[in-house]
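Reader: Could you walk me through how to read the packing in a structure? I'd like the general idea first, then the case.

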Amino acid sequence: MAITILPPVVEDANSPYPDSDFDSMSIDSDGGVDLASRGASRPSKRPRLVEGTKIGAGIVTPGEVVTDDPQWMRGHGTYSNPLSTSIIATVAGTVQKTNKLLSVQPLRARYIPEIGDLVVGRIVEVQSRRWKVDIAAPLLAQLPLSAINLPGGILRRRTSADELQIRTFFSEGDLVVAEVQSVHSDGSASLHTRSLKYGKLRNGVFLAVAGTGGSGASRSAVKGGIGAGAASAGAMGTSGTGGVVRAKRQQWTVSTANGGGEVNIILGVNGYIWIAKHADAAAAASSTTENISITRMEEMVSSSIYSSQNDEIPPQTRREIARLAQCIRVLVHGGIRVDEETVMRAYDASLQVDLEVGDDEDEDDRRREGREYLEGDKASGILALVTEEQ
């Protein structure tokens with residue numbers, strides 16, 4: 001019998017199984033699987049946003065490889081694979097580059113406290129020597145009893161008698177404006193209210209805005225005697241990256257139109273906002289009693305800041321408070337950052353849009369609609385006027 005010598009078979013370099021004999025297998029009559037086609041069904045690798053040292057300007061998603069270059073260090077919003085040099089995103093956001101440090105700035109996140117921030121919070125728990133405050137941060141902040149001013153401007157050590165009267169200062173549900181005094185290692189913050197511009201909030205309306213450092217959703221709550229005039233503005237869904245701007249003036253007084261008088265606005269860095277009727281400290285003290293000597297003025301003012309009694313608010317002031325609140329919602333809905341300049345531009349634009357109501361209605365109806373309804377086409381007009389001035 002003759003012997004036939006066959007030429008050597010060259011293996012395919014692109015074959016996923018170069019050392020196996022699976023390539024010679026085919027589908028048989030019993031429904032066997034041809035393993036030679038497994039190479040076409042292999043899962044693809046993770047998409048890479050960065051090749052080499054090029055940093056993309058788009059938005060990354062969780063699990064996306066930012067870069068595999070070993071010269072970069074990972075920062076917040078990323079993690080590194082221990083088996084490789086890849087840096088992978090853990091949140092959805094934009095890539096930030098600081099020298100050789102890569103981090104991902106999230107599009108929406110909880111507020112991260114920093115020392116010196118002015119925040120608006122709500123008391124959620126009363127403990128023996130401190131209050132727990134919700135400031136839209138991952139952890140509740142604490143307001144120690146030693147970090148507030150006692151009535152009468154007394155500077156002394158807090159005793160057990162002060163601990164028994166702790167609910168006379170703040171109780172559950174009270175809104176306060178305070179300043180971040182320190183930040184602990186676990187990320188929680190300590191607050192203080194050692195100033196007359198800080199303390200309990202009343203005579204106004206509370207709302208929260210979304211965005212980086214915000215609360216995640218836009219909502220409003222009525223407090224302090226603001227009735228249907230403020231509530232009729234309604235809640236508007238938010239989108240974009242609007243939020244309160246840090247390192248700008250966050251407390252100021254607005255001289256409103258339409259006979260509304262003066263209104264105070266407090267923009268908390270944490271995304272909580274307070275809009276209330278302006279009440280001078282001296283006027284509040286004089287309304288408590290008729291005859292107050294100069295030496296007792298400080299005592300009366302200090303005791304009034306812990307009062308929960310709301311003042312009488314005229315309807316004109318309520319309408320302007322509702323207008324300002326709705327202007328802020330329009331800014332957040334349009335993705336515009338909230339600060340003193342943009343709020344005043346939106347308020348002036350709302351007054352201008354109010355004058356552009358159709359002539360088929362009488363004057364009283366035009367004024368009523370312009371003060372209470374600032375959505376739809378009016379919101380688009382306000383955003384157009386605000387963006388034109390920027």
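Author: Start with contact, which means heavy atoms within 4.5 Å. This is a predicted model, so local features need pLDDT of at least 70, side-chain atom pairs count only at pLDDT 80 or more, and totals for chains, interfaces and linings use all residues. Residues are numbered from 1 along each chain as its sequence is written, and side-chain values use heavy atoms, with hydrogens and water left out.

Reader: Which residues is Ile273 in contact with, leaving aside neighbours within four places in sequence?

Author: Val205, Phe206, Leu207, Val209, Val244, Ile266, Leu267, Ile328 and Val338.

Reader: And how do I read a nonpolar core?

Author: In soluble globular proteins, nonpolar side chains tend to be buried together. A core here is a set of buried (under 20% relative accessible area, 1.4 Å probe, protein chains only) Ala, Val, Leu, Ile, Met, Phe, Trp, Tyr and Cys residues joined through side-chain atoms within 4.5 Å. The largest one has 32 residues, and Ile273 and Ile328 are among those with the most contacts inside it.

Reader: What about aromatic pairs?

Author: You describe a pair of aromatic rings by the distance of the centres and the angle of the planes. Rings of Phe, Tyr and Trp (its six-membered ring) pair if their centres lie within 6.5 Å; planes under 30 degrees apart are stacked, over 60 edge-to-face, the rest tilted. There are four such pairs here. Trp131 and Phe170 have ring centres 5.3 Å apart and planes at 85°, so they are edge-to-face. Both residues are buried.

Reader: Which residues do ring pairs link into a cluster?

Author: Trp131, Phe169, Phe170 and Tyr306.

Notes:
Buried means under 20% relative accessible area, exposed over 50%, partly exposed in between (1.4 Å probe, protein chains only).
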